[in-house]
Amino acid sequence: MSSQDLEIEATEVIKGLTAVVLAPIIFPAATILSHPLTQSVLRESIILAEKVQEKTAQIEEILADLVAEARTELVTRREAGTSSENSVFRQNNSGASEYIIDVFTEFNAQVKEMTNGVADLRLLLPLGLSAIALRQLLTKGLQIEEIPWYVLAWYAFDSFTKLNETPTPRSLE
């Protein structure tokens, strides 16, 4: 026997052993995959996965655009001398906190624009907390839970008063 014949024979032996080892896995898998319901589920799963990938790509693109817009606006505001309605809160803030404030300021402006000036985050956040507190009060009663209704009610009241207070000359100093 030549070395080439031995090589071919060894390859055949390895293939045979592989088939013997994998047969208990491959035969049931082939049977399951040949079932029409399994094929339909796999087909729909692939379609769904592709749709999710498309939507994820769209969301990533939108977020990238929003980040780019926010950064551009941040640079513009810095060049303009940072004159905005939140200048009271900007004193001695880090760059990260200014960026977060700018993002939420822009989001707040968009919410205000979408509601034609009827509502903004300063109203919607406390209303949301109030709704959660009321829901918890109605469903759980006066029981003390992980986050009791009265804590949520206090957060709603406190956030409303803090977000809507007008600064006095002393508080600006």
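This is a predicted model: local features need pLDDT of at least 70, side-chain atom pairs count only at pLDDT 80 or more; totals for chains, interfaces and linings use all residues.

## Crossing of H3 and H4

Two packed helices are described by the angle between their axes and the distance between the axes. Helix H3 covers residues 95-114 and helix H4 covers residues 121-140. Their axes come within 9 Å and cross at roughly 90 degrees. Angles of 65 to 115 degrees count as roughly perpendicular, and H3 and H4 are therefore roughly perpendicular to each other.

On the H3 side, the contact is made by Phe 104, Phe 107, Asn 108 and Val 111. These meet Leu 121, Arg 122 and Leu 124 of H4. By class, the contact has five nonpolar residues, one polar and one charged.

## Helix H3

H3 has 20 residues, which at 1.5 Å a residue should span 28 Å; the C-alpha atoms at its ends are 28 Å apart, in agreement.

Glu 98, Asp 102, Thr 105, Asn 108 and Val 111 are the buried residues of H3. They pack against H4 and against helix H2 (36-79). Just after H3, Asn 116 has a positive phi of about 55 degrees.

## Helix H4

In H4, the buried residues are Pro 126, Leu 129, Ala 133 and Gln 136. Because they cover an arc of only 85 degrees around the axis, they lie on the same side of H4. The face turned away from this buried side carries the exposed residues Arg 135, Leu 138 and Thr 139.

Terms used:
Residues are numbered from 1 along each chain as its sequence is written. Side-chain values use heavy atoms; hydrogens and water are left out. Axes are lines fitted to C-alpha atoms, for helices over the stretch in contact, and angles run from 0 to 180 degrees between N-to-C directions. Helices (H or I, at least four residues) and strands (E, at least two) are DSSP runs, numbered from the N terminus. Angles under 35 degrees count as roughly parallel, over 145 as roughly antiparallel, 65 to 115 as roughly perpendicular and the rest as oblique. Contact means heavy atoms within 4.5 Å. Ala, Val, Leu, Ile, Met, Phe, Trp, Tyr, Cys and Pro count as nonpolar, Asp, Glu, Lys and Arg as charged, and the others, Gly among them, as polar. Buried means under 20% relative accessible area, exposed over 50%, partly exposed in between (1.4 Å probe, protein chains only). The arc is that of the directions from the helix axis to the C-beta atoms. The expected span of a helix is 1.5 Å times one less than its number of residues.
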